[in-house]
Amino acid sequence: MIRPVEWRNGAVVLLDQRLLPAKEVYRVYRDYREVARAIKEMVVRGAPAIGVTAAMGIALGMQTAQPRELARSFERICKRMAATRPTAVNLFWAIDRMKRAFESARDRGPEVVREILLQEALAIHDEDIANNRAMGAFGAPLLPKRGTVLTHCNAGALATAGYGTALGVIRAARESGKLLTVVADETRPFLQGARLTAWELKKDKIPVTVITDNMAGHLFKNGDIDAVVVGADRVAANGDAANKIGTYTVAVLAARHKVPFYVAAPVSTVDPNSPTGEDIPIEERPAREVTHVVGEQVTPQGVKVANPAFDVTPNQLIAAIITDRGIAKPPYKRSLAKLLKTAPAAMPGGTKKRARKKPAR
Ligand code: MRU
């Protein structure tokens, strides 16, 4: 399985996603500030992967924190992680979990604090993979027995600790014998679809066709798309879902052509503190991502550029939200609130989360 983020020998190891598919480079981080920079600069990206990386970055930073300054160091490191990217709520969810772990251990001395924080980060990593598998098991039955599924951006192994959310559902459906092929939107400007989704599906021998974003309408009109599955960076309490810019356009197309549009996201992506999509902050990324394509400037010098990195799909356009605790159906305010209160699911089919082996320290 593709492992975009790992803890190895006392360091955080990230697969540099900026270089894919041309180069597979793993970078080793021993300084939490560099981990924060890696999140900001998209070495690692995707909501769950960002959360896992931030947790590991916090554990990393605390390994060298001065014993007399533990609380102050912890606060500083958390603040640095929180300032990396604003939209994916998994980042803040993971930081909150680390804060609770810190509170439970702070009076037990620096060694215990360090160990507990590391164990919590590793648990967040391992649970993410188990949650993705659960999502896959819940979501696979929703997809047709055969046909073509369109996805936008990369909500795969690369965007998580492994296996993926939207791509996890597609993987699980294929593993259950469904004959599905995938259409991947290229996802300008960062090209997560063309570079990352195509790379990981090709590696898994799942048939994939890449299209530029503006081709999707033509395919829907021709009846070439049977279902849509996308991930999410933050799902509001009412089911409005923020995901990579261009997702809303796909959702409108799906509604126009009566194709089911599914969002796959763990409950850690559901933000009860965002009542609607209006409350979700949308990251604005550097203009250079739009003005330049693989290093070449494609716009006139000095032209005005907008680069909102996410958009919000209104809940009315979403047929179901596939979570690790089951399927949420409209009205989402009720179904999501219920799932948030549900205990983590034993997976359909009986597979349980497994305890982690001792990591290489
Ligand atoms: O800017 P990115 O690449 O971090 O955006 C990622 C997405 O929008 C994904 O679709 C989302 O995080 C879901 S990942 C399982």
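Let's start with Pro21. It sits in the loop between strand S2 (11–15) and strand S3 (26–29). Helices (H or I, at least four residues) and strands (E, at least two) are DSSP runs, numbered from the N terminus. The bond joining Leu20 and Pro21 is a cis peptide bond, with omega about 5 degrees.

A word on the source. This is a predicted model, where local features need pLDDT of at least 70, side-chain atom pairs count only at pLDDT 80 or more, and totals for chains, interfaces and linings use all residues. Residues are numbered from 1 along each chain as its sequence is written, and side-chain values use heavy atoms, leaving out hydrogens and water.

Back to the loops. Arg188 to Pro189 is also a cis peptide bond, omega near 5 degrees. Pro189 lies between strand S5 (179–185) and helix H7 (192–203), in the loop. Then there is Asn9, in the loop between strand S1 (5–8) and S2. Asn9 is not a glycine, yet its phi is positive, about 50 degrees. Most residues other than glycine have a negative phi, and most peptide bonds are trans.

An oxygen atom of the ligand is 2.8 Å from an N or O atom in the side chain of Arg45. For the side chain of Arg85, that distance is 2.8 Å. For the side chain of Asp233, it is 2.8 Å.

How much of the ligand's accessible area does the protein cover? It covers 100% of the 420 Å² that the ligand has on its own, by the Shrake-Rupley method with a 1.4 Å probe.

Technical notes: Polar contact = N/O pair within 3.5 Å; in protein donor to acceptor, adjacent residues only side chain to side chain.
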